[in-house]
Amino acid sequence: MWPSLSPEESEANATQAADEAASDAQTAAAQAGESAVAASGTNSGAPPILGTTVFEAPGVTPGEPTGTHVGKKIQELRGDLSRLQTRVTSHNNSLQSERARARGSAGAYHGLVGAMNTRLQVGTTPGNPIMVNQWNQAQRELEKVGDSDRNPQQSLQ
């Protein structure tokens, strides 16, 4: 309860106090990270499911011009940040529409493959025009899915 006056115990107490302070700092940082994660709606323990992320810019905090050089620089930086956030929103919208297009093409492809498998199980003649048409359509849908993977930057420019 009372502090000791011996040098060995003082050093041990100082080391223990430093360790506790470091631990408290790590705990505070972890809690701040958890609050930021809770605010963003994601769980830092697990990565997001592929294809489900939506990027939302938090916005620019308002500020009053001060008339100083630093104040002018802050206003410029706020403008830059606002323009960057607008571009992120635009790119996110492009990403979401590209994902929707790829999902639609993948769904159509799988539907056509299922229909062809059903026809093949029932029995069909070689060169059946319906099967050939479904095969060609399935190939086009598969190419659309592949094109969205190969050209992600095309829609962003």
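When I say contact today, I mean heavy atoms within 4.5 Å. With that in hand: among contacts in this protein between residues at least 6 apart in sequence, 59% join residues at least 24 apart.

Some housekeeping. What you see is a predicted model, where local features need pLDDT of at least 70 and side-chain atom pairs count only at pLDDT 80 or more, while totals for chains, interfaces and linings use all residues. Residues are numbered from 1 along each chain as its sequence is written, and side-chain values use heavy atoms, with hydrogens and water left out.

Okay, the overall picture. We have three helices and zero strands, and along the sequence that reads α-α-α. Helices here are DSSP runs of H or I, at least four residues, and strands are runs of E, at least two, numbered from the N terminus. The accessible surface, by Shrake-Rupley with a 1.4 Å probe, is about 12300 Å², and 59% of that belongs to carbon and sulfur atoms. Of the 157 residues, 12% are buried. My cut-offs are relative accessible area under 20% for buried, over 50% for exposed, and partly exposed in between, with a 1.4 Å probe and protein chains only.

Now, how far do we trust it? The pLDDT is the predictor's confidence in each residue, from 0 to 100. Its mean over the protein is 74, and 65% of the residues reach 70 or more. Confidence is lowest in helix α1, residues 7–40, at a mean of 46, and highest in α2, at 90. Over residues 1–7 the pLDDT is below 50, and that stretch has three contacts in the model beyond near neighbours in sequence. Residues 21–42 also stay under 50, with three contacts beyond four places in sequence.

What should its 54 residues span at 1.5 Å a residue? The expected span is 1.5 Å times one less than the number of residues. For α2, residues 69–122, that should give 80 Å, and the end C-alpha atoms are 79 Å apart, which agrees.

Buried residues in α2 include G71, Q85, N92, S94, A102 and L112. L95 also sits in α2, but it counts as partly exposed because its relative accessibility is 30%. L95 is 44 residues from G51 in sequence, yet their C-alpha atoms are 9.4 Å apart in space.

Next, salt bridges: a side-chain nitrogen of Lys or Arg within 4 Å of a carboxyl oxygen of Asp or Glu. The count comes to four, and I'll walk through some of them.

K73 meets E76 at 3.8 Å, N to O. Both lie in α2, three residues apart, about one turn of the helix. K73 is partly exposed at 42%, and E76 is partly exposed at 46%.

D80 pairs with R83, the closest N and O atoms being 2.3 Å apart. These two are separated by about one helical turn, being three residues apart in α2. D80 is partly exposed, at 35%.

Then R101 and E98, at 3.2 Å, N to O. Is E98 buried or exposed? E98 is buried, with a relative accessible area of 16%, whereas R101 counts as partly exposed at 49%. Again, R101 and E98 are three residues apart in α2, about one helical turn.

Why does that spacing work? An α-helix has 3.6 residues a turn, so residues three or four places apart point the same way.
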